[in-house]
Amino acid sequence: MATAVGRRILSVVSDFSIPQLSNFDWDNFCVSLWGPVPISSLPDVTAEPPRKDSGELLFSKLFLDACSSVYVVFPGGHENNGQPFVSKHFNVIDPLRVNNNLGRSVSKGT
């Protein structure tokens, strides 16, 4: 059951992400579950409203907050606990550790 749900979620994300992210302003924004975050505002991770038409989002704020509280990662040992989010060419904010850039190891193509 969980695998089928996971495939469905990945399918939705894939169908959405390819057309949307190909036109995304990677030079000025980070991607987050809460919407685009201006790179210039970092380390403040306040997202701009992702929709201007007041339509519903894929995930509600209540759902995202509940997931964050259940699955939060508490850094320990050698992890980057106090380090700020480091901007790279491809910036994706980790929803469970906002100072972690999931795109940090992606290099810029030619």
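Three aromatic pairs are present in this structure, which is a predicted model. One of them joins Phe24 and Phe29: the ring centres lie 6.4 Å apart and the planes meet at 65 degrees, so this pair is edge-to-face.

**Aromatic residues**
- Phe24 and Phe29 belong to one aromatic cluster, together with Trp26 and Phe90.
- A pair of aromatic rings is described by the distance of the centres and the angle of the planes.
- Is Phe29 buried or exposed? Phe29 is buried, because its relative accessible area is 18% and the cut-off for buried is under 20%.

**Nonpolar cores**
- Six residues make up the largest nonpolar core, namely Cys30, Val37, Ile39, Leu42, Phe85 and Ile93.
- Another core, of five residues, lies apart from that one, and its members include Trp26, Phe29, Val31 and Val92.
- In soluble globular proteins, nonpolar side chains tend to be buried together.
- Which residues does Ile93 contact, once neighbours within four places in sequence are set aside? They are Cys30, Val31, Ser32, Val37, Val45, Phe85, Val98, Asn100 and Leu102.

**Ser32, a buried loop residue**
- Ser32 sits in the loop that runs between strand 1 (29-30) and strand 2 (37-38).
- With a relative accessibility of 12%, Ser32 counts as buried, because the cut-off is under 20%.
- Not counting residues up to four places away in sequence, Ser32 touches Val37, Ala47 and Ile93.
- Val37 and Ile93 are both members of the largest nonpolar core.

**A nonpolar surface patch**
- On the surface, Val70, Tyr71 and Leu96 form a nonpolar patch, and their accessible area together is about 300 Å².
- Tyr71 belongs to helix 2, which covers residues 61-71.
- Why does Tyr71 count as exposed? Its relative accessible area is 54%, and exposed means over 50%.

**The protein as a whole**
- The protein has two helices and two strands, and from the N terminus on these elements run α-β-β-α.
- Of the 110 residues in the protein, 23% are buried.
- Taking contacts between residues at least 6 apart in sequence, 29% join residues at least 24 apart.
- The accessible surface of the protein is about 8200 Å², and carbon and sulfur atoms account for 60% of that area.

Definitions and conventions
Residues are numbered from 1 along each chain as its sequence is written. This is a predicted model: local features need pLDDT of at least 70, side-chain atom pairs count only at pLDDT 80 or more; totals for chains, interfaces and linings use all residues. Side-chain values use heavy atoms; hydrogens and water are left out. A nonpolar core is a set of buried Ala, Val, Leu, Ile, Met, Phe, Trp, Tyr and Cys residues joined through side-chain atoms within 4.5 Å. Buried means under 20% relative accessible area, exposed over 50%, partly exposed in between (1.4 Å probe, protein chains only). Contact means heavy atoms within 4.5 Å. Rings of Phe, Tyr and Trp (its six-membered ring) pair if their centres lie within 6.5 Å; planes under 30 degrees apart count as stacked, over 60 as edge-to-face and the rest as tilted. Patches are made of residues with over 30% relative accessible area and no salt bridge: like charges are joined within 9 Å, nonpolar side chains (Val, Leu, Ile, Met, Phe, Trp, Tyr) within 5 Å. Accessible areas come from the Shrake-Rupley method with a 1.4 Å probe; for residues, only the protein chains shown count as cover. A salt bridge is a side-chain nitrogen of Lys or Arg within 4 Å of a carboxyl oxygen of Asp or Glu. Helices (H or I, at least four residues) and strands (E, at least two) are DSSP runs, numbered from the N terminus.
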